[in-house]
Amino acid sequence: MQELHWVIQALISALLVIGGVFALVGAVGMLRFPDFFMRLHAPTKASTLGVGGVLLASLFLHWAQGDYGLHELLITLFVFVTAPVSANLLAKAALHLRVPSRAPVPPDQPHP
């Protein structure tokens, strides 16, 4: 294995740290948010960005080694396509089942 330039190493390290921070924020959001609809937001946004940061780091590593990184591009495509779709389907199912929410009702809306 070849030695990478320090700038590439720093970029890969920064992307790994950023991805890890977003994944940690998503995990903390899952624990801290009080109801289903708020908890649904944490993994679909923060964890998707966390996986994206790790995949970008892997992509840059493969590019620096002379590979194309096709696997990382496909994984990124599938994650960014499937995460919002699955979150939408989960939210629709929860609305259909009338899962209660703890979010306050806006003042101009009548209470159900």
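Begin at Phe-60: leaving aside neighbours within four places in sequence, this residue is in contact with Leu-11, Ile-12 and Leu-15. The model on screen is a predicted one. Phe-60 belongs to helix H2, which spans residues 36-64. With a relative accessible area of 27%, Phe-60 is partly exposed, because that value falls between the 20% limit for buried and the 50% limit for exposed.

Phe-60 and Val-105 are 45 residues apart in sequence, and their C-alpha atoms are 46 Å apart in space.

Trp-63 is partly exposed, at a relative accessible area of 44%.

Now display the aromatic rings. The model holds 2 aromatic pairs. In one of them, the rings of Phe-36 and Phe-37 have centres 5.5 Å apart and planes at 75°; the pair is therefore edge-to-face, since planes over 60 degrees apart are classed in that way. The pair formed by Phe-60 and Trp-63 is also edge-to-face, with 5.7 Å centre to centre and 70° between the planes. Phe-36 is partly exposed, with a relative accessible area of 31%, and Phe-37 is likewise partly exposed, at 24%.

The following stop is helix H3, residues 70-96, where Glu-72 is located. Is Glu-72 buried or exposed? Its relative accessible area is 10%, so Glu-72 is buried, the limit being under 20%. Select His-62 together with Glu-72: a polar contact of 3.1 Å joins their side chains. Beyond neighbours within four places in sequence, Glu-72 is in contact with Leu-55, Ser-58, Leu-59 and His-62.

Finally, select H2 and H3 together. Two packed helices are described by the angle between their axes and the distance between the axes. The axes of H2 and H3 come within 9 Å and cross at roughly 175°. H2 and H3 are therefore roughly antiparallel to each other, as the angle is over 145 degrees. On the H2 side, the residues that meet H3 include Phe-36, Phe-37, Leu-40, Val-51, Leu-55 and His-62. On the H3 side, the residues that meet H2 include Glu-72, Leu-73, Val-79, Phe-80, Ala-87 and Leu-95. The residues of this contact divide into 16 nonpolar, 6 polar and 1 charged.

Key
Residues numbered from 1 in each chain as written. Predicted model: local features only at pLDDT ≥ 70, side-chain atom pairs only at ≥ 80, totals over all residues. Heavy atoms only, no water. Helix = DSSP H or I, 4+ residues; strand = E, 2+ residues; numbered from the N terminus. Buried < 20%, exposed > 50% of the residue type's maximum accessible area, 1.4 Å probe, protein only. Contact = heavy atoms within 4.5 Å. Polar contact = N/O pair within 3.5 Å; in protein donor to acceptor, adjacent residues only side chain to side chain. Axes fitted to C-alpha atoms, helices over the stretch in contact; angles between N-to-C directions. Parallel < 35°, antiparallel > 145°, perpendicular 65-115°, else oblique. Nonpolar A, V, L, I, M, F, W, Y, C, P; charged D, E, K, R; others polar. Phe/Tyr/Trp six-rings, centres within 6.5 Å; stacked < 30°, edge-to-face > 60°.
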